[in-house]
Amino acid sequence: MAGPANKKQKRVDYKSAREGGDTKELPKKKFYRQRAHANVFSDHNLVYPISPTHMDWSPYFPAFAEPSTTGPIGEIEVEQQDSGADLQAVAAIEESATNTGNIRRLTKNVEVADIGCGFGGLLVALAPKLPNTLMLGMEIRMQVAEYVQERIQALRAQTADDGLYQNAACLRANSMKFLPNFFKKAQLSKIFLCFPDPHFKARKHKARIVSTTLNSEYAYVVRPGGVVYTITDVEDLHLWMVEHFDKHPSFERVSEEDQEADQCVEVMRMETEEGMKVTRNNGQKFVALFRRLEDPPW
Amino acid sequence: MWMPYQCIERCGNLLVAARGSNIELFNLSDGSFISTWKCPTTQGTLKAKPPVKGTTPKLESQDSKSSSVDITIEASSPPTKRRKLSGGDDQDKNSTKDPKEDQKGGQKPTKKEKKLNYRLDAVASGLEAPAVIALAVTSDAQHVIAITGEDKSVRVFSLTSQDGLTHLNELSQRQVPFNSFQMRRLMKSRVMPKRPSALAISEDNTTIFSADKFGDVYSLPLIPSLSPSSPSSTALTNPQNPEKEKPFKPSANELTIHSQRNRKALENQKRQKPPQPQKSEPVFEHTLLLGHVSLLTDVKLAKSGGKNYVITSDRDEHIRISRGIPQTHIIEGFCLGHTEFISRICIPEIRPEILIAGGGDDELFVWKWEKGQLVSKADLKSIVQESMGGEKVSKIAVSHISWVRCEQTDLLLVTVEGIPALFTFHLKDDNTLQHAQTLQLSGNALSVATGIAASDGTPKRVLISIDSTHKAGSTTELRDSTEELTSPFQAFILQDGNLAQDSFALSVVEGNHVSEGAVVGLRNLLYSLENLRKRDGEERGKDGENGVDVAMGEDEAAQIEE
């Protein structure tokens with residue numbers, strides 16, 4: 001097929017043209033589009049840290065890295081340009097489980113995770129609103145994750161004077177499998193599940209991002225009092241998510257009143273790519289928030 | 001070639017040994033053979049292919065009749081009455097197959113047929129009846145639990161005496177009111193939603209924990225309740241699908257779809273007669289406790305400070321620590337450090353805070369599981385390599401880890417898939433492992449049973465089942481007729497903290513012969529662990545555009561197909 005080959009070449013050209021310079025130009029989505037569905041059960045050649053302590057966050061949040069003796073921050077930024085994100089993580093994996101010494105720590109931990117961040121609309125909208133909170137987008141589609149990385153890079157360059165968007169980053173991950181590899185127990189205060197793949201077929205339900213068994217993992221990484229945000233345009237999926245979170249003893253539904261008072265909800269409704277698309281198509285949006293409860297004594 | 005014994009377990013002074021789809025009992029005092037339980041064949045298999053393995057002439061007439069009654073699994077019992085009872089079975093069996101038909105509105109019927117054949121092929125690939133893939137014994141040695149793979153069943157047996165011989169008597173899910181001709185039993189296994197891969201039994205011997213290939217752990221009462229109660233609903237039971245009650249309505253609507261083709265599909269869906277909603281849940285009592293999005297490889301129950309924990313290991317390098325019943329939805333922590341799949345975990349009775357884990361990694365890992373703290377690692381691959389005479393061994397897959405105590409020494413017995421040796425490690429006081437012995441075996445190690453009473457009455461004996469079909473050191477090459485084993489078992493005895501050869505032997509009866517057609521199925525049954533390893537997919541080459549499941553194991557793919 002001539003079409004795809006040509007498309008591939010264009011993508012390569014486009015990306016190599018972006019490489020190197022600190023381009024302030026936002027990336028174009030058309031060079032990063034990817035089929036909307038990914039099989040969460042397949043291995044995907046994923047790169048992920050052995051454990052949260054093995055995760056080197058400094059290339060993702062260079063502005064929040066602790067000053068180190070290994071080199072100036074700029075050096076690391078250069079490294080990130082050449083697809084360094086993956087290399088860094090590989091390095092983390094190659095490390096023995098006991099030796100985590102040369103990982104540069106951050107001055108603060110990642111606290112917000114946007115699971116299935118897509119093209120990063122929520123991150124980009126939320127980052128300036130919560131400038132001191134580190135937020136991470138997790139996306140399973142490689143091209144799309146790359147797009148968000150480029151987008152954040154460009155936004156950082158654009159707003160270099162104000163230092164905005166330093167608190168947002170994106171990486172490629174299968175969070176249904178590897179969430180505990182990235183985050184420690186009770187590390188997160190917010191998880192966003194925005195417009196997830198509805199997986200209509202009954203036999204695909206295990207692939208849904210919300211299930212009672214998977215909710216246990218969200219409960220593990222979210223601290224008591226933290227909130228899981230969900231939004232979807234599919235009523236069935238909304239009911240499913242509500243049902244499964246309601247059933248999980250570690251979560252309670254946040255009241256309508258509190259929900260509407262939360263500034264993140266409006267962002268989630270209006271600023272996510274999918275949210276805007278649904279608005280364009282006059283679709284419905286169903287929002288539900290769930291608060292992580294304290295664990296009962298054991 | 002005789003069928004080898006793929007799993008063995010000690011049950012009191014009996015040895016429970018699974019051989020293909022049969023389970024044999026041996027007396028461990030004198031090594032004599034006692035009895036055999038045969039897993040009933042399934043009709044589907046017979047239809048799909050002629051029996052691929054030499055059938056045993058001893059097959060009871062009842063059995064052969066029963067196999068033609070319906071597709072479900074039942075053991076010998078008079079066929080007349082069973083037909084009535086099998087109605088429930090039918091429903092059960094359909095239910096495991098049909099959920100995938102749900103919501104499939106516009107699909108052509110051929111799809112269903114194809115799926116069905118798929119399954120039958122899987123069953124027929126090696127054995128005429130589902131093979132036993134795991135065994136467990138209650139601590140009071142009263143019950144034996146077996147998983148049969150292809151039919152995804154959990155079967156519970158009690159040991160009963162008949163004609164002076166001990167038999168495995170499969171317990172029914174429901175007790176049948178008995179008449180004069182009928183024993184008070186109905187053979188009915190519990191068919192799980194997905195194929196179980198590991199078992200654990202609660203300390204009080206009342207509850208079975210079944211971990212499956214879909215990543216879920218269920219609890220089942222050891223003895224099924226008398227009344228066929230509805231599936232119990234606890235914390236994690238998946239809520240019933242609301243569509244079951246209300247008339248069928250597509251999940252999507254005009255507002256959620258945006259493309260021309262999808263819109264068309266929706267219109268078609270609406271025109272379609274809705275499929276009759278099928279009940280997808282098995283009817284026996286079972287409770288979903290927890291779940292990984294991965295294939296589970298082992299499950300163990302642990303105790304710390306008087307509290308119970310469930311420990312699960314999976315293909316994606318995770319060891320998860322969850323609270324025990326009734327708070328299994330709370331994850332206490334993970335032991336993260338493995339870089340390949342984990343296949344076996346072991347908690348030494350005497351050091352319940354320690355967990356030894358092995359799998360596709362080159363080392364064994366010793367964990368303090370409650371804190372998720374790695375204590376030590378011990379190289380295994382180089383030892384395996386040494387045992388093979390320096391031959392290059394590129395990958396290893398741990399197939400067994402068990403703990404035994406001999407005087408003041410804690411020993412770990414380790415076997416590796418496709419390796420004709422037993423490796424022992426000293427578990428030292430500082431929780432490090434030191435390689436002690438490499439005991440060469442006459443064939444690949446398949447399973448290990450410990451705690452067997454020696455002649456002086458102390459539980460010092462160790463029994464290992466050996467692959468009698470494949471060449472030592474190979475998982476693919478079959479033995480020549482000149483290399484037949486004298487016995488599919490080898491015995492060792494603990495002496496001064498080490499293992500020594502032991503002359504103890506079991507009088508094995510000639511089992512089923514392995515026909516050529518069954519070789520592939522047998523290999524999959526005996527050597528499935530290496531398949532868990534992640535392969536480098538071609539995703540990079542495809543630019544990651546499609547997200548195809550290139551690296552998915554066959555098994556996993558099959559599971560998802562279901």
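Is A:S51 buried or exposed, judged by its C-beta neighbours inside 10 Å? A:S51 is buried, because 21 C-beta neighbours lie inside 10 Å. A residue is called buried if 20 or more other C-beta atoms lie within 10 Å of its own, exposed if 12 or fewer, and partly exposed in between, with C-beta atoms placed from the backbone.

The model is predicted: local features need pLDDT of at least 70, side-chain atom pairs count only at pLDDT 80 or more, and totals for chains, interfaces and linings use all residues. Residues are numbered from 1 along each chain as its sequence is written, while chains are lettered from A and ligands numbered from 1 in the order in which they are written.

A:S51 sits in the loop between α1 (2-18) and α2 (73-81) of chain A. Helices (H or I, at least four residues) and strands (E, at least two) are DSSP runs, numbered from the N terminus. Beyond four places in sequence, A:S51 contacts A:N181, B:L336 and B:G337. Contact requires C-beta atoms, placed from the backbone, within 7 Å. A:N181 is 130 residues away along the chain, yet the two C-alpha atoms are 4.4 Å apart.

Chain A is assigned domain 1 (51-105) and domain 2 (108-298); such bounds come from an automatic or database domain assignment. Nine residues of domain 1 and 13 residues of domain 2 form the contact in chain A.

UniProt, in an unreviewed entry, places an "active site" at A:D197. Such annotations may be inferred rather than shown by experiment; positions follow the numbering used here, and feature names are shortened. A:D197 lies in the loop between β4 (188-194) and α7 (212-221) of chain A. A:D197 is partly exposed, because 18 C-beta neighbours lie inside 10 Å.

How values were computed: Contact = placed C-beta atoms within 7 Å.
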